[in-house]
Each structure stands twice: as C-alpha cells, then as structure tokens.
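The exercises below are meant to be worked with the model open, each task being followed by a solution that goes step by step. Try each one before reading on.

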Amino acid sequence: MLLKKMEYIFAAIMLAALIFLLTNIYTDYRFDSRPVSIQVQAEIDAKEEKIIERIRFHYGIDFKVPLIISDKMPSNLYGAAVLEKQGRIKVYINKKRIKESFDYILDDVMAHEYAHALMFLRGHRSRSDGHTRAWQEICLNLGGSRCDRYVDHNDIVLGKMGF
Ligand SMILES: [Zn+2]
C-alpha cells in the first residue's frame, strides 16, 4: 500500500516537472515567434524617424530603408546593415537582444547601422569600408552615442538576402 502511494507521488512529481518544462518551452517559443510589443515597436519607429530627420538635416536626402526586426540573426549581433546583390539596402535589428539590451539598441546600434547603410549608398561597399573615420562621422551625425571605430561586429553583410 505504501509502495503504491509512493508511485502516485512519484508520478505526480514527474507530471508537474513535465508541465513546467512544456510551459517554459512554450514561453520561449512565443517570445521568439511573435512580433515585438506595440510599445517596443513604437520606440523603434520613433528612433527611426529621428535618424531619418538627421540624415535629411546633415545630408539633404530622404533616406528610408526597410528596418527589419529579425529573430534569425546570430546572437552575437545586435544589428546589421545588409547590401543585397541587387543593390537593395536594409537595416536589421536582432530581436533576441531587445529584451536585455533595448536602450543600447536605441542609443547606439540603430545609428551605427544606419551609418553603414548610408556608406553603402555613397558607394563604400566593401568590408574594409566598415568602421572608418567617414563612417564614424556619419554615425555621430545620426545621433549615435558611442560610434566606436574599433568594434569588430561583422555587422556588414554584403551580397546576401539578409536574415
Ligand atoms: Zn558596424
């Protein structure tokens, strides 16, 4: 009788553990596959608008490229600027990093990547054109708070369709 009771308890514990595990998997899955929240999207949109205004002010052009929030990027990247084979320019933000690094993405990463995008537009289209002085000047003009030249992000993607 006691043994039977132990079996029930054991089964109950196993069941609880299984439910706990599945709930966690589901939560992770939901975070990865759903669009960002309305508030996050609104803050990104507002920052994008500011950067576009600064580009207009400093360079006299209307420069709007697709801004894509992707969960398919490698985790070590916060963002990227992509120049596709057909010459299309896109800016990416890594959705996986939004949760813990949203301020950094808004204050640094967006201007950083838009500066790369603008460098693409100006014909600087090789990897060695990455974090040059010209790029840094643009990044600062776009309101980037660090615009560090000595970062090696691999955040310049050439000839690919993006993430
Ligand atoms: Zn970069």
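**Exercise 1. Find how much space lies in the largest cavity, and which residues line it.**

Step 1. The largest cavity holds about 40 Å³ of space, where a cavity is a set of points on a 1 Å grid over the protein atoms alone at which a 1.4 Å probe fits but cannot get out, and where the volume is the space filled by probe spheres set on the points, which are joined across faces, edges and corners. By this rule the count comes to one cavity of 30 Å³ or more.

Step 2. The model is predicted, so that local features need pLDDT of at least 70 and side-chain atom pairs count only at pLDDT 80 or more, while totals for chains, interfaces and linings use all residues. Residues are numbered from 1 along each chain as its sequence is written, and side-chain values use heavy atoms, with hydrogens and water left out.

Step 3. The lining, meaning residues with an atom within 4 Å of a point, consists of H116, M119, F120, H124, S126, D129, G130 and I156. Helix α3 gives the most to this lining, with three residues; helices here are DSSP runs of H or I with at least four residues, strands are runs of E with at least two, and both are numbered from the N terminus.

**Exercise 2. Identify the protein donors of the zinc ion, and explain which parts of the chain H116 and D155 tie together.**

Step 1. Donors are N, O and S atoms within 2.8 Å of the metal (3.2 Å for Na, K and Ca), and because water is not among the atoms, sites may look incomplete.

Step 2. Along the sequence, the donor residues follow the spacing H-x3-H-x14-H-x23-D. H116 lies in helix α3 (residues 98-121) and D155 in the loop between α4 (133-141) and β4 (156-158), so this pair ties together parts that are 39 residues apart in sequence.

Step 3. Both residues are buried, which means under 20% relative accessible area, whereas exposed means over 50% and partly exposed lies in between (1.4 Å probe, protein chains only): H116 has a value of 2%, and D155 has a value of 0%.

**Exercise 3. Compare the span of α3 with that of a straight helix, and locate its bend.**

Step 1. The expected span is 1.5 Å times one less than the number of residues. A straight helix of 24 residues would span 34 Å, but α3 spans only 27 Å between its end C-alpha atoms.

Step 2. At I105, α3 bends by about 65 degrees, the bend being the angle between axes fitted to the seven residues ending there and the seven starting there.

Step 3. I105 is buried, at 0% relative accessibility, and of the 24 residues in α3, 18 are buried. After α3 comes G123, with a positive phi near 95 degrees.

Terms used:
On a 1 Å grid over the protein atoms alone, a cavity is a set of points where a 1.4 Å probe fits but cannot get out, and a pocket is an open set with protein on both sides within 12 Å along at least five of seven lines; lining residues have an atom within 4 Å of a point.
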